[in-house]
Structure formats: structure tokens, C-alpha cells
Amino acid sequence: SVSEYKFLIENQNQELADYAAGLADKVRREIYGNEIYVRGLIEIGNYCTNDCYYCGIRKSNNNCDRYQLTKKQIMECCQEGYELGFRTFVLQGGEGIVKVDDVCQLVKEIKEKHSDVAVTLSLGECSKEDYLKMYEAGVDRYLLRHETANREHYEKLHPTGPKHDYAYHTEAMDRAMEGGIDDVGVGVLFGLNMYRYDFAGLLMHKEHLEAMFGVGPHTISVPRIRPADDISVQSFPNAISDAMFKKIVAILRITVPYTGIIISTRESAATRKAVLEVGVSQISGASRTSVGGYAEEEEEDSAQFEVNDNRTLDQVINWLLTDGYIPSFCTACYRAGRTGDRFMSLAKTGEISNCCQPNALLTLREYLDDYASPETRQKGMEAIRRELDNIPNPKVRTTCETYLQKIDGGERDFRF
């Protein structure tokens, strides 16, 4: 219950914190194995109609270097990211600027050019009708945090713009699911309000979606307030420490064992390593949060937040392999329609491992052959050989071995 997890989050006993960390890692491995899903983030523009107090691209920030990528530039960013090895793209940007019809056309063209990619959008709250358009265009997932559950505090932090409407914003994922997008991501921005309150609010949001639609969020993002242009963490008295951040992630994993937990490049390499050990299952790599995407150097004062992990994708993959994880570029569930309640039913019975584990190995092998440095390739090939023995289903293991041999022969795009 919410009250039980509230007790866990409030308890400062180190022994309990250590126990929660170990249990969280165990739960993640039981559901997701050693796989860590890797995605690419592209900021398509930083003009915004909102004036969120904590955001570097808020409307009133006159020091922000504004930009808006054209469709051609976004396609070029996706192509550049694809050639680095990404197969999942998250397109996000300032809210209320890009027309929905233009976004839908963009998604269609991305998928026409790259049939094996998944596209996630994070462009603010929309109407049910607009979410339906996105679903019909091929959008795979929609991400939107409700930022903080405290209505009074929320309205102070969002003084103007469409986002000021607390009810319309917090009910956005209901409208997305009603519009057909059954793979949604939620979250709060820890540090805006008391973390205990927002942790409970996050769980209540998850329980609300389950009650209304039979399935909760597919992912939960766990950002915390970080520095940005004209934004200082010291201005937010509820900002949380590294230790508390790790504890929150651990208890969240125990609470929502079947939900993907995402950590972004807001956090340092050291922090990302720490929270991977307590339940995070998805990460961004080589993210581009300001102008230029993957093709150009980023401008100093155009980002929504500061990137604290600036490693290349190859360096991130090398790091994951070194720490014993299996990086996955898999998009098979989206392409096979295994989303929403269909994914969750497989996850809760453990059957999803018959797909996730071999798909991770297949997509990793393609990455190693096509994009990896020699050192990363060597580590990856060794990891694949070890992980093959951990596939419990003999039929799945044999089929996976056959597909790997075909990849070695130059064929591509195998999936379970």
C-alpha cells in the first residue's frame, strides 16, 4: 500500500536501506535479467509557452539561446543517431510550439526510413484527439511527468502557460491511453517538493492508471532538480542528496517490479552506476539536450538542463559491459504490438524473458558488428557467449544461436 511504502521512504535506518537496495537489484534481475535498455534523446527545440520556475528553457529566460529544429534537421539527427547504433529515439522539446500534425508527419517519415526504430514523444500535455493522431501516426510511447503532486506548490512553480492548469496536466496520461497510446511514461521531478509527498503521489498516479485502464505506466522517470542556465539547486530547499536519491530508486523498484525505470544524463556517471545497482532498467546515452542534435556541437546556453554524463554511446556500452550488464537496443515489443496489458501480462508471468533476453543479445550483436570500437566489440562478444548459457528455455537458446550465426553472416533484424 501507499502507507507501507511511505514508511519505507521515511525510515532512515541504514540497515533497512541496505536491505532495500539488495532486494531492488534482485527484483530487477528477476524481471529484466542483466539487460539495460539504451535510448537516444533529441531535443527538437527550446522555445516554450510555459514559464516553469525550475526549467532552463522557461519562457522568461532571456539568456537562453533559442532554436527550433526543422523537420529536415530532425531527420538528420535521427540518421546520425541511427548510424551511432540507436534504435529508440525520444523526441522532446519546449511545449506548445510544434503543431501536432507536423509531429505526426515527422514520426511517419522516421518510421518509413527506419522500420526497426521506436519513437517516443515528450512534448507536453495534449488533448485526447491529438494523442489519437499520434497513435495513428505510429508513436510508440508518450512521456509526461506531473512534476509534483502538491497542487498549490505546482501552480506556484508554473505561474503561466498551458502547464499552469494542474488538473489538465495531471490527467494527460489518461487522455493518452484513451487515445490509444497504451505505453505511457510518468514521473515527478524530485526536489520541487517534499520527496515523501511526491513519492506517495507517484504511486497513487500509477495505481490510478491501473484502476482506470487495467495497466499502469510502462516506464517511470526519476529525475531530480539539477542545475541549468539561470537555475541553481540551492534555490530549491527540497533538493535531495545522492543517498536519498538511491533509496528512492530502490524502493520504487520494489514497489513497481514490472515497470521500466529511466535514468537520464542529468546525472553523473557515478550516480548512474549507483542507481543501476538498485533497479534502473533504462538509460539515455550520448543525449543531445540542446541545438544541433548528434551532428553538431551543442550551444552552451540552450539546454533544458545540464548534461552530467557526456560519454559517447560506445563508451556507455563499454561501461555497461564492464559492469556485467547486457545493453539492449530492442524495439521488438513495439513492432509486435506487445504493449500495454499485453506486455504486462507477459512480464507478470515471467514469459517476457523468452523475448527480452534473446532480443538483447541479438541487438547487441548487431551493434557490435556495425558500430562498436574494437575494445567494446571484444567485451560484448564475450558477454554474449556467457549470457547464451543463461537462457533457460532450450528452444529459445537454440533459435537465438541460429540468429546470431546469421548476423555473423551479414543478415540483420531478427527478433523474438
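This is a predicted model: local features need pLDDT of at least 70, side-chain atom pairs count only at pLDDT 80 or more; totals for chains, interfaces and linings use all residues.
User: Let's begin with charged pairs. What makes R145 and E147 a salt bridge?

Analyst: Happy to start there. The R145 and E147 side chains come to 2.9 Å, N to O. A salt bridge needs a side-chain nitrogen of Lys or Arg within 4 Å of a carboxyl oxygen of Asp or Glu, so this pair qualifies. The structure holds 28 salt bridges.

User: Why is E147 called buried?

Analyst: Its relative accessibility is 3%. Buried means under 20%, so E147 falls in that class.

User: What makes K163 and E147 a salt bridge, and where do the two residues lie?

Analyst: Their side chains meet at 2.7 Å, N to O, and the cut-off is 4 Å, so the pair counts as a salt bridge. K163 sits in the loop between α6 (151-157) and α7 (166-170), while E147 belongs to the loop between β4 (141-143) and α6. The two are 16 residues apart, and the pair links distant parts of the chain. K163 has 5% relative accessibility, which is under 20%, so K163 is buried as well.

User: Which residues do salt bridges with shared partners join into one network?

Analyst: That network is made of E95, R145, E147 and K163.

User: How do you know that R224 and D242 form a salt bridge, and what does the pair tie together?

Analyst: The nitrogen-to-oxygen distance between their side chains is 2.6 Å, and within 4 Å is what a salt bridge requires, so the pair passes. R224 is in the loop between β6 (219-221) and α10, whereas D242 is in helix α10, so the bridge ties together parts 18 residues apart in sequence.

User: Are R224 and D242 buried, partly exposed or exposed?

Analyst: They fall in separate classes here. R224 has a relative accessible area of 3%, under the 20% limit, so R224 is buried. D242 has 48%, which lies between 20% and 50%, so D242 is partly exposed.

User: What describes the packing of α3 and α4, and which residues make the contact?

Analyst: The axes of α3 (residues 71-84) and α4 (residues 100-113) cross at roughly 35° and come within 11 Å. This crossing of α3 and α4 is right-handed. K71, I74, M75, C78 and Q79 on the α3 side meet Q105, L106, E109, I110 and K113 on the α4 side. The contact has 5 nonpolar, 2 polar and 3 charged residues.

User: Turning to nonpolar cores, which residues touch the most other members of the largest one?

Analyst: The largest nonpolar core has 108 residues, and L91, L121, M134, Y142, M173 and I283 touch the most other members. Leaving aside neighbours within four places in sequence, the contacts of I283 include I36, V38, I263, L276, V316 and W319. A second, separate core has 10 residues, including Y54, L157, L192 and I225.

User: Why is I225 called buried, and what does I225 touch?

Analyst: I225 has a relative accessible area of 5%, which is under 20%, so I225 is buried. I225 is placed in the loop between β6 and α10. Not counting residues up to four places away in sequence, I225 touches Y54, L189, F190, G191, L192, V233, F236 and A239. I225 and L189 are 36 residues apart in sequence, with 6.3 Å between their C-alpha atoms.

Terms used. Residues are numbered from 1 along each chain as its sequence is written. Side-chain values use heavy atoms; hydrogens and water are left out. Buried means under 20% relative accessible area, exposed over 50%, partly exposed in between (1.4 Å probe, protein chains only). Helices (H or I, at least four residues) and strands (E, at least two) are DSSP runs, numbered from the N terminus. A nonpolar core is a set of buried Ala, Val, Leu, Ile, Met, Phe, Trp, Tyr and Cys residues joined through side-chain atoms within 4.5 Å. Contact means heavy atoms within 4.5 Å. Axes are lines fitted to C-alpha atoms, for helices over the stretch in contact, and angles run from 0 to 180 degrees between N-to-C directions. A crossing is left-handed if the near helix is turned anticlockwise from the far one by less than a right angle, and right-handed if clockwise. Ala, Val, Leu, Ile, Met, Phe, Trp, Tyr, Cys and Pro count as nonpolar, Asp, Glu, Lys and Arg as charged, and the others, Gly among them, as polar.
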